[in-house]
Amino acid sequence: MLDDWSEAVEMGLQTDVIYTDFQKAFDTVPHGRLINKLTTFGIKGKLLSWIQSFLTGRKQRVKINGIASAWMNVISGVPQGSVLGPLLFVLFINDIVDSMDCQCYLYADDMKLYRIVKNNMETEILLDKLNQGG
C-alpha cells in the first residue's frame, strides 16, 4: 500500500483513500447467512453442526446496579473473546472486496479502500462502488 502511494506521488498522481469501520460488526453477523456462506466454502457435516451449535442457543441479559433484564435469545453475532468468533467474522466479511474496482485491505472490522486516480472519472467510480456496496 505504501509502495503504491509513494509511486503515485512520484508520478504526480492523486490517491483517493476511504477508511471504514463497521459499527458493531461482530454483533450483527446473521447466523443463517454465515452458515450458508460456510457451506459454500465446503464446510459441512460434523464441523458445520459444531459451528451451528457454537453459535445458536445463546442467551444474554443486561444487569445494571443489581437489576437484571429478562434473558433474550441471541440471533446474530459471533462470540467475542473467543478464538473462533473473529475467524467466523473474517470468513463472513472477506468477500466484501470482490466486486470493488480498487485496492482493499481488511483488518478485523476495519476496511481501507484506495484507488490511484488518473482522471476525474476514477474518483467517481470509487465513490459509486462504495455507495452501491460494491
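This passage describes the overall fold and two local features of a predicted model. Residues are numbered from 1 along each chain as its sequence is written, and side-chain values use heavy atoms, with hydrogens and water left out.

The protein chain contains 5 helices and 7 strands, taken as DSSP runs (helices, H or I, at least four residues; strands, E, at least two) numbered from the N terminus, and their order along the sequence is α-β-α-α-β-β-β-β-α-β-β-α. With a radius of gyration of 20 Å, well over the 14 Å that the globule rule gives for 134 residues, the chain is more spread out than a compact globule; the radius is taken over C-alpha atoms, and the rule is 2.2 Å times the number of residues to the power 0.38. Of the 134 residues, 30% are buried (under 20% relative accessible area, with exposed over 50% and partly exposed in between; 1.4 Å probe, protein chains only).

Within helix 1, which spans residues 2-10, lies D3, an exposed residue with a relative accessible area of 65%.

N65 occupies the loop between strand 3 (63-64) and strand 4 (67-68). This non-glycine residue has a positive phi, near 50°, and N65 is exposed at 79% relative accessibility.

Conventions
This is a predicted model: local features need pLDDT of at least 70, side-chain atom pairs count only at pLDDT 80 or more; totals for chains, interfaces and linings use all residues.
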